[in-house]
Amino acid sequence: MTTPTEVRFPVDDGVELGAWLYLPKSDAQRRPAITMAHGYAGVKEHGITRFAETFADAGFAVLLHDHRTFGISGGGPRQDVNPWLQVADWRRAISYLESRPEVDPTRIGLWGASYAGGHALVLGATDRRIACVVSQAPTISGYQQGLRRVAPEGVAALEAALDDDERAQARGEPPRRQAIVSADTALPASYRAKDAIDFYLQPLGEGARWENSVTMRSTRLARMYEPGVWAPRISPTPLLMIVASHDTITLTDLALAAYEQALEPKKLVLVPGGHFDPYVSEFQTSCGAAVDWFRQHLGR
């Protein structure tokens with residue numbers, strides 16, 4: 001197994017991102033590389049390192065970063081999710097990979113899952129340095145997700161809470177917070193489904209930096225985020241979408257509709273189960289499909 005090295009690189013406003021860089025042994029002077037990041041309000045230890053290790057063992061250099069305000073990356077307020085800042089930072093991660101002497105800058109692929117799977121669609125359509133894209137169980141439409149995940153009778157209270165948070169910030173108060181996952185309906189939380197609770201609260205290992213907390217304003221931004229509109233613009237960059245058959249988090253039908261809108265070259269892999277199964281029970285299928293895609297489009 002390839003052992004990662006912790007690296008840091010600047011993005012903007014004095015913020016540095018922290019990442020793990022995997023450099024497998026290779027006879028090649030410059031290797032193909034993969035840039036990766038975690039999904040909504042998680043850290044790289046949330047089921048992502050297994051993918052990075054497998055990609056590295058397959059011969060790819062891998063850069064796995066924590067988004068700003070999460071894990072070993074800088075920035076504040078902590079545990080704050082702004083999708084457009086995350087996309088902009090990811091471009092700097094690509095630039096960092098290009099600068100590494102061990103990496104062939106013409107052969108950089110991108111892997112993202114869940115919220116970062118949505119980022120993968122945006123980046124695939126807008127950054128032609130990326131040679132191929134893997135988008136796993138991606139966020140497609142914050143608006144549509146909100147319609148299905150928030151009961152109609154709960155929308156007014158949610159909007160009122162978000163508005164109160166905006167007013168408080170205007171008074172100079174810090175952003176208000178809520179849990180990422182909780183089964184307690186009296187406690188504001190982003191997710192209540194058992195599979196989400198199990199995934200986020202899994203043991204992360206010694207040294208992982210994460211807390212079950214996220215800013216409330218992250219919810220407003222998530223409800224505004226529409227990465228699926230970029231799917232038709234990814235071509236001619238090759239796109240692999242890995243979709244769970246019963247995804248109630250990012251919603252299977254939305255992912256399939258986005259895939260239909262994408263142009264060739266593209267490939268769909270449909271795996272059984274819910275949103276988190278591609279990380280867990282269907283890991284061999286989802287990760288194997290990604291390795292094959294990277295080998296096809298980046299070489300070895």
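Student: Leaving aside neighbours within four places in sequence, which residues is L63 in contact with?

Tutor: L63 touches V7, F9, A19, W20, L21, I34, T35, M36, A93, Y96 and L97, where contact means heavy atoms within 4.5 Å. Bear in mind that this is a predicted model, where local features need pLDDT of at least 70, side-chain atom pairs count only at pLDDT 80 or more, and totals for chains, interfaces and linings use all residues. Residues are numbered from 1 along each chain as its sequence is written, and side-chain values use heavy atoms, with hydrogens and water left out.

Student: And is L63 buried or exposed?

Tutor: L63 counts as buried because its relative accessibility is 0% (buried is under 20% relative accessible area, exposed over 50%, partly exposed in between, with a 1.4 Å probe and protein chains only).

Student: Where does L63 sit?

Tutor: In strand β4, residues 61-65. Strands here are DSSP runs of E, at least two residues, and helices are runs of H or I, at least four, numbered from the N terminus.

Student: Switching to helices: which residues of α4 are buried?

Tutor: G142, Q145 and G146, in a helix that spans 142-149. Those residues fall within an arc of 100 degrees seen down the axis of α4, so they line one face of the helix; the arc is taken from the directions from the helix axis to the C-beta atoms.

Student: What do the buried residues of α4 pack against?

Tutor: They pack against α7, residues 217-224.
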